[in-house]
Amino acid sequence: MKKLFIKTYGCQMNVYDSARMADLLAPLGYAPADTPRDADMVILNTCHVREKASEKVFSELGKLKELKDEKAANGNQMVIAVAGCVAQAEGEEIVRRQKAVDIVVGPQSYHRLPELIARISREKGHALETDFPAQDKFDSLPESSAPGVTSFLTVQEGCDKFCTFCVVPYTRGAEYSRPVAQILREARNLVDRGVREITLLGQNVNAFNGEGLDSARWTLAQLIRSLSEIDGLARIRYMTSHPRDMGEDLIAAHRDIEQLMPYLHLPVQSGSDSILRSMNRQHTADDYLRLVDRIRTARPELALSSDFIIGFPGESDKDFEATLKLVREVKFASAFSFKYSPRPGTPAAASVKHVPEDVKTERLEILKDLLLEQQRVFNNDFRGRTIPVLFDKLGRKSGQAIGRSPYLQAVHADNAEHFVGQIQDVKIEGVFPNSLKGALIDDQTRTHEIAC
Ligand code: SAH
Ligand code: SF4
Ligand code: F3S
């Protein structure tokens with residue numbers, strides 16, 4: 001039996017891809033390894049979105065080279081593969097920088113891994129595959145073999161929007177939506193294997209327009225309606241959405257479809273119209289605020305989260321103030337904020353108006369404080385409330401289980417280990433910065449004791 005170790009960087013789509021790679025290599029005899037040292041093959045599934053993320057890969061490769069040499073000295077082999085967005089963006093350059101790499105495979109080509117492994121064992125040297133499009137990949141991926149209680153399911157890939165800061169259109173290629181029948185097949189397989197919650201993924205998931213069951217193009221809302229008819233699928237989520245593609249039918253789905261969770265990740269990036277224009281986001285701050293109003297009218301308790309880029313070229317104090325103003329108006333349940341990172345080949349990187357590092361640092365701290373305060377207020381409001389939690393794993397403490405609220409908050413509860421895979425009502429008793437502590441409400445504990 002051979003062993004495989006996959007290290008995943010970046011977004012949820014990479015998490016999904018890593019799971020698919022493991023499924024793809026299982027029939028070749030690869031079982032999961034706990035560490036790279038135990039592995040015959042190591043895959044780094046990489047992210048190119050910010051400089052830090054992509055540079056991490058090369059330092060990790062340096063360590064893997066040492067391990068590979070050590071193994072070779074003992075007569076053992078180790079195959080090193082680089083997959084994901086750095087593989088797509090840098091291609092041959094990766095092998096030039098680190099000769100120990102055997103395989104470079106892009107995010108749309110990893111279904112060809114078995115063939116690439118065979119090629120390098122036949123011929124000396126390395127193998128590289130970074131072809132588009134995404135369609136061939138989805139046509140040839142095996143069924144998911146060992147999902148948990150919750151699972152990701154990629155329904156859309158790539159991006160045609162070309163925000164001026166972003167590498168995704170270059171690394172993931174043009175927008176592509178999978179056919180609905182293929183998605184439903186995958187979702188039913190997941191539910192048959194015990195999955196209770198599916199998060200539909202796409203770089204622009206709400207721009208979904210895959211071939212429907214009636215061969216017309218379906219929207220994401222139509223896809224969600226169809227998924228909500230699958231028996232046993234208790235919760236549906238989706239990410240990441242672009243404000244421009246938030247159609248009326250999707251907003252209505254939040255009002256009408258019980259399984260669609262009241263949580264939405266809707267990146268705004270900035271609250272300044274002139275920065276939004278330079279970013280090519282194609283909406284104004286006011287468009288975003290009005291959209292939030294419409295969503296909250298449809299589903300008042302919906303929790304909103306977002307992404308922000310601080311220090312985009314040309315961002316003035318006034319622009320930054322506009323971002324703070326938008327945040328104060330919306331009141332987010334959670335959010336990610338990043339310093340702008342110039343990416344090679346993107347239009348914004350060539351700007352002459354870069355914001356000094358110390359200004360970026362200072363602004364980021366101010367924004368993070370405000371967002372954390374909003375998160376605290378949002379979570380504090382749950383103290384004493386009873387909410388349904390889908391438990392998906394055991395906690396570190398004996399008897400403890402961890403799950404998610406409908407609003408994607410992590411919730412842990414004691415004496416709950418038998419409820420993994422189930423939705424249980426939990427009373428919130430403690431609020432921490434990144435999680436809630438709850439107690440199973442009494443009659444459920446009692447029912448369980450009787451059942452045992
Ligand atoms: N499709 C999503 C975002 C995908 S990338 C959208 O349109 O919003 C995930 C997040 O990384 C982005 O929302 C953005 O906040 C951040 N990001 C992307 N490029 C970046 C860059 N060059 N510097 C800093 N953050 C970046
Ligand atoms: Fe990147 Fe913009 Fe596409 Fe999102 S919409 S993936 S930020 S180019
Ligand atoms: Fe990173 Fe690629 Fe995802 S650049 S954020 S892994 S799409």
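I began with the nonpolar cores of this predicted model. The largest nonpolar core holds 54 residues, and I noted Leu200, Leu220, Leu223, Ile224, Leu227, Tyr238 and Phe332 as those with the most contacts inside it. Helix H12, residues 285–298, gives this core its largest share, seven residues. Apart from that core I found another, of 25 residues, which includes Val79, Ala81, Tyr110 and Leu116.

I then looked up Tyr238. Leaving out residues up to four places away in sequence, Tyr238 touches Thr199, Leu200, Val205, Leu220, Ile224, Met246, Leu250, His254, Leu260 and Leu264.

Next I turned to ligand 1. I listed 16 residues around ligand 1, the closest being Phe165, Gln203, Gln269, Asp307 and Ser341. This shell divides into six nonpolar, five polar and five charged residues. Strand S13 (303–310) and strand S14 (334–339) each supply at least two residues of the shell.

I checked polar contacts of ligand 1. One of its oxygen atoms is 3.1 Å from a side-chain N or O atom of Arg50. For Arg281, a polar side-chain atom lies 3.1 Å from an oxygen atom of ligand 1. On its own, ligand 1 has 540 Å² of accessible area, and the protein covers 89% of that.

Last, I looked at ligand 2. Around ligand 2 I found Cys159, Lys161, Phe162, Cys163, Phe165, Cys166, Val168, Pro169, Asn204, His242 and Arg281. I sorted this shell into seven nonpolar, two polar and two charged residues.

Definitions and conventions: Residues numbered from 1 in each chain as written. Chains lettered and ligands numbered in written order. Predicted model: local features only at pLDDT ≥ 70, side-chain atom pairs only at ≥ 80, totals over all residues. Heavy atoms only, no water. Near = heavy atom within 4 Å. Nonpolar A, V, L, I, M, F, W, Y, C, P; charged D, E, K, R; others polar. Core = buried A, V, L, I, M, F, W, Y, C linked by side-chain atoms within 4.5 Å. Buried < 20%, exposed > 50% of the residue type's maximum accessible area, 1.4 Å probe, protein only. Helix = DSSP H or I, 4+ residues; strand = E, 2+ residues; numbered from the N terminus. Contact = heavy atoms within 4.5 Å. Polar contact = N/O pair within 3.5 Å; in protein donor to acceptor, adjacent residues only side chain to side chain. Areas by Shrake-Rupley, 256 points an atom, 1.4 Å probe, with all protein chains shown as cover.
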